[in-house]
Amino acid sequence: MDMHLRGRRRSRRAFAGTALAALVAASLATAVPSYAADEELVANGGFEDGTTGWFVNDGNATDGGTLTTTDDAASGDAAALVTGRTTTGSGPMQDLSGTVQAGETYELTARIKYDAADSPGTKQFFATMHYGGGTYTNLVSVTATKGEWATFDGTFTIPASQSVSTARLFFETPWTSAPSDDPATHLMDFVLDDVSLVGAAPPPPASRTIEVLGKIPGEHNPLISHKFGADAFGFVDDGRVYLYMTNDTQGYAPDPATGVSPQINYGDINQITVISSEDLVNWTDHGEVPVAGPDGVAPFTNNSWAPGMAKKVVDGVEKYFLYYANGGGSSNVITGESPVGPWTSERDSTLIDGRTPGAEAVAWKFDPAPLVTDDGDAYLYFGGGPAATDMPAAERYNNPKNIRVIELGDDMVSTQGTAAVVDAPVAFEAAQVFEREGTYYLSYSSHFGGNDFGGNQQALPGYPGGGQIGYMMSDDPMSFPKETYAGVLFPNQSQFFGSGTGGNNHQSVFELDGKFYFTYHAPTLNKRINGNSTQGYRSPHIQELTFDADGTIEQVVGDYAGPDQVKDFDPFGVIEAETFGWQQGLATAKVDGGSAQFGEDAPNLVVRDVDDGDWSALSSVDFADGAASVTARVRPLVEDAQVEVRLDDRTGPVVGTIALDSPVGEWTDVTAELDGVSGVHDVYFTFAGPEGEDLVEVDTWSFAPASSGGELDVQVTVQPRCLAGTAYVAVRATNGEGTPVDMTLATPFGEKSVAAVAPGKNAYQSFSSRATSSTAGAVSVTGTTGDTSSTQDVDFDALDCG
């Protein structure tokens, strides 16, 4: 088949190059199909790889059959044999969705044969495209003679107006309503071989990398500028705040010519985006959690919007619980081993749905927000949407009673009791609760009126207007009557960010280092990309929350300045390169393996799509008495590229140059000496190299302090333990330096040396006493790097495993 098709291509070109130029020119002036590309689009068309890429058409419930291979081939060693067909359309099929495009012309060839003794002497066959639903188009046909190979050979043009989001090519006999009445005529077995479809494949997808300066140096809002994120839920764990967000980036697809993406499609979103920070300015991208859909952690759900997060010890095990909205009809939860996973589903059905007691009248059973109180009790707030139609119009508008709270079970993945009504004035959605000094604060987003809420009316005095964040105060997390309403916490974001930034909102409040912070979203990055005409792609923001003496909240003012940086950034340790204070032109991608900074079970991301002139920066980095060098974990993609390290501005003085001169395509550590780096500075990494080329992928940065002759930053843990009746001593030494450290672990039961332990990595060994018990003793760990060496001694207790 391939040789035949190559011959056809050569003959077409040869004809175009003959002396019959005038004839060719005349023919081109008429409506001749345009072959935009000469590319083979069918995979395994000769079935030499078995039936890989092929299956029996299953477009209708009645379709069916068996697809195998046979050595009765038109060419090569194999062909496809379809038997047991239940409908005329039950033939070999290949999914070409995303491969063909509307408005293009294609050339189709294939060989087909049938030879059943009771079948007719000739039979028509079709090559047909199923475009989804009930749209089927016969492309090319052939009439075959029984026992002889027949050849499909024709062209077809997909109409410019035809949607090709679904495009499945299959082979069939002519349709009839009752083929089983005469199966010999309509449902005979047949053999297919040498299938080829030549033409124009779709152009590669436009880059989704955001090239504009979306977060201006010195500003702290929006929090990130290389991707979007909405409905941010703030969760603090071990001094670090994690934000869980609806992955607005999932549907972002800017037009390559205009840079404008279609409007956001919430129905496509089935991932949760996670970022984290210790200082509220430098944010690490942890990528996306594949929550819902066929490949999700909970494949019985379809969407993942508006997440909420909680932690609790269950049966002696510390667990993390990520709640999310499965569209508007239900909510669910998955369980993690850490704030960034790994994740599993302890349920096989949704947590909140129409079966939830007390939630029957709630239109939208979504926006789940958990609360674990200081006493360890757990609750879930959820709901929203249109008010019940049996309520009076004024009540539907002012007190729609569309939000609920329910107790969570001790396992955090079940509910108990009946959901109680939250009577939030002018409520729409997005309920969230936090606890402060014995008071529970419930905030929520207000509705915009209209028929769903009793028609256009004026809210009662003091009640929130459309698209604002109101709040309530109560001493009982299960009781929020309308009398607990306290005012407007946050006006609509368009009041602060102008045209194109309006719409509803979704907020949370978290506490970090004794201060409270308010999260919200606004399409500010979308606005900086496209101007005032935004397409609904939202970005996370934070403002500090302050309180009056009576406990009420001072109304929040949104701005680009954002929160203060709560602490300087510590550079002396491994730093994920996808940690950005600011950046321009970069993207991130998940790769195999664990994170050097967050552990082997945490996802690992790298910085990619790095072009000449792109840059990233870290805010307020404290180098103390000085940094001697910087090491980058990189995979160069071209030669003659480099990273310049600058201070305080992207055009500031270069204090070090990392030459990306390691082998192209291989991950390596490259180091550059630094000159005159001490004190607190913003640090810029600016990339330079061949124009128009992807330069490098970057995994981590790490800085080495100037040598002081003091102690190395090596953390040592020692754990006596029993294993199969034998006493062991487990020793772990973690390198907190910015450069590799040689480690020696010495115990009464043996010694182990590990060379060049990377920053953030461990030297680990479990030493056997070879006895059922061991006396108390000490472990000695020595770390060495360059001219600096230090030793730590750690005692351990006696152990009896008898």
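Predicted model: local features only at pLDDT ≥ 70, side-chain atom pairs only at ≥ 80, totals over all residues.
I'll start with Pro222, which sits in the loop between β11 (190–199) and β12 (230–237).

Where is the place of Pro342? That proline is in the loop between β18 (330–336) and β19 (343–344). Gly341 and Pro342 are joined by a cis peptide bond too, with omega about 0°.

Now to the backbone phi angles. Two residues are on my list.

Ala306 has a phi near 45°, which is a positive value in a residue other than glycine. As for its location, Ala306 belongs to strand β16, residues 305–314. Is Ala306 buried or exposed? Its relative accessibility is 2%, and the cut-off for buried is under 20%, so Ala306 counts as buried.

Val426 is the other one. Its phi is near 55°, again positive in a residue that is not glycine. Val426 is found in a loop, the one between β23 (415–422) and β24 (427–436). Val426 counts as buried because its relative accessibility is 1%.

So much for single residues; next, the chain as a whole.

How many helices and strands does the protein chain have? There are six helices and 51 strands. Ala306 lies in one of those strands, β16, while Pro222, Pro342 and Val426 are in loops between strands.

On overall dimensions, the C-alpha atoms fill a box of roughly 90 × 75 × 70 Å, taken along the principal axes. The chain has 802 residues, and 53% of them count as buried.

Contacts next. Take the contacts in the protein chain with a separation of 6 or more: 65% of these are accounted for by residues 24 or more positions apart.

For the surface, the accessible area of the protein chain comes to about 32600 Å². Carbon and sulfur atoms hold 47% of that area.

Last item, charge. How many positive and how many negative side chains does the protein chain have? The count is 43 positive and 108 negative. The centres of the two sets lie 7 Å apart.

Key. Residues numbered from 1 in each chain as written. Heavy atoms only, no water. Helix = DSSP H or I, 4+ residues; strand = E, 2+ residues; numbered from the N terminus. Buried < 20%, exposed > 50% of the residue type's maximum accessible area, 1.4 Å probe, protein only. Contact = heavy atoms within 4.5 Å. Areas by Shrake-Rupley, 256 points an atom, 1.4 Å probe, with all protein chains shown as cover. Lys, Arg positive; Asp, Glu negative; His and termini not counted. Charge placed at Lys NZ, Arg CZ, Asp CG, Glu CD.
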